[in-house]
Amino acid sequence: MSVRYVLDRVGMRYGDIEVLADVTLTFDQPGMVALTGPNGAGKSTLLNIMSGLRGGFQGSCQLNGRNIAAWPRREFAREVALVPQSLKLDFPFTAEQVVLMGRTPYAGGLFESPEDWKAVERALELTDTTRFRHRDFRALSGGERQRVVLASALAQDPRALLLDEPTTFLDLQHQLSIYELLRNLAREGLLVIAVTHDLNLAAAYSDRVVALKNGRVAADADPCSALATDKIKDVFGVQAEWLQRADGKPWIAYGD
Ligand SMILES: Nc1ncnc2c1ncn2[C@@H]1O[C@H](COP(=O)(O)OP(=O)(O)OP(=O)(O)O)[C@@H](O)[C@H]1O
């Protein structure tokens, strides 16, 4: 069974600044959702609200019929994992230890169980991070760290995965392999919501695209409709064109 998120007229203000307004969205089936929009549109704020990290918002945000704030953290963490833009650690944890932290919601005693290690091995393998499992997390490159943080979220074995720009630091090959991995997980039943500025990745890999503009939902549809040229012009203020690659796949080009 998939999770069911219902956001009803969610609003958020920082002092005089309105960051989110009237955001009404439902996510009630597995699949890959791209969350896009210009800088400052409110994407991270929305993800933080959905992951229970940010309170003080207007409206309501429910997971499986229960307000986010009412969920015991441990129980919530078995449902939802957040992959933040970056993770800073002050202690010399190895990559493997960071991935193992993803198992915290399942910890039953002092020691890890065979299931914990199985989940860690799988997560390391899926994210291509096994070979630096014993290295100090802080000494890894930005892209390597990003993949380890994703591995930690996968080890958490959630039913919804919220990712804030998961491929920012990744080389081309890993961008594609991570998006392929996310799409496969979505096909296996996970709800994946990934913030991205890359409209081509959004178009190629998502089932649904939600675009925010000035804190409001400007588009919420399948990629072709949500990223139609007039929508891109409206949301991002740039001229775009849908082209066809030699292999028949669509490609969005920008600029006049
Ligand atoms: N703690 C805060 N205090 C005040 N303003 C904030 C705070 N956090 C975010 N904001 C403001 O809220 C707005 C939305 O920020 P948010 O990070 O959600 O946008 P975003 O769509 O994720 O942007 P980006 O694409 O640049 O990551 C921005 O104008 C930002 O400056």
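**Briefing: sheets, a helix pair and a ligand shell**

An open sheet of four strands is arranged in the order β2-β1-β4-β5, with antiparallel pairing. Its edge strands are β2 (17–27) and β5 (66–67), each of which pairs on one side only. Here, two strands pair if DSSP finds at least two bridges between them, and helices (H or I, at least four residues) and strands (E, at least two) are DSSP runs numbered from the N terminus. The model is predicted: local features need pLDDT of at least 70, side-chain atom pairs count only at pLDDT 80 or more, and totals for chains, interfaces and linings use all residues. Residues are numbered from 1 along each chain as its sequence is written.

**Strand pairing**

- Strand β1 (residues 5–14) runs antiparallel to β2, and seven bridges join the two.
- Opposite methionine 12 stands leucine 20 in β2.
- Strand β3 (residues 31–36) is joined to β9 by four bridges, and these strands run parallel.
- Threonine 36 stands opposite alanine 211 in β9, and alanine 211 also has a bridge partner in β10, alanine 219.
- Strand β9 (residues 208–213) and strand β10 (residues 216–221) run antiparallel, joined by five bridges.
- Lysine 213 stands opposite arginine 216 in β10.
- The hairpin of β9 and β10 has two residues between the strands, and asparagine 214 takes a positive phi near 50° there.

**Helices α4 and α5**

- The axes of helix α4 (residues 114–126) and helix α5 (residues 142–155) come within 8 Å and cross at roughly 140°; axes are lines fitted to C-alpha atoms, for helices over the stretch in contact, and angles run from 0 to 180 degrees between N-to-C directions.
- α4 and α5 are therefore oblique to each other, since angles under 35 degrees count as roughly parallel, over 145 as roughly antiparallel, 65 to 115 as roughly perpendicular and the rest as oblique.
- Ala119, Val120, Ala123, Leu124 and Leu126 of α4 make the contact with Ala151, Leu154 and Ala155 of α5 (C-beta atoms, placed from the backbone, within 7 Å).
- By class, this contact of α4 with α5 has eight nonpolar, no polar and no charged residues (Ala, Val, Leu, Ile, Met, Phe, Trp, Tyr, Cys and Pro count as nonpolar, Asp, Glu, Lys and Arg as charged, and the others, Gly among them, as polar).

**Ligand surroundings**

- The ligand is surrounded by Tyr14, Val19, Gly37, Asn39, Gly40, Ala41, Gly42, Lys43, Ser44 and Thr45 (C-beta atom, placed from the backbone, within 6 Å).
- Helix α1 (residues 43–50) supplies the largest share of this shell, three residues.
- The shell around the ligand has three nonpolar, six polar and one charged residues by class.

Methods
Two residues are in contact if their C-beta atoms, placed from the backbone, lie within 7 Å.
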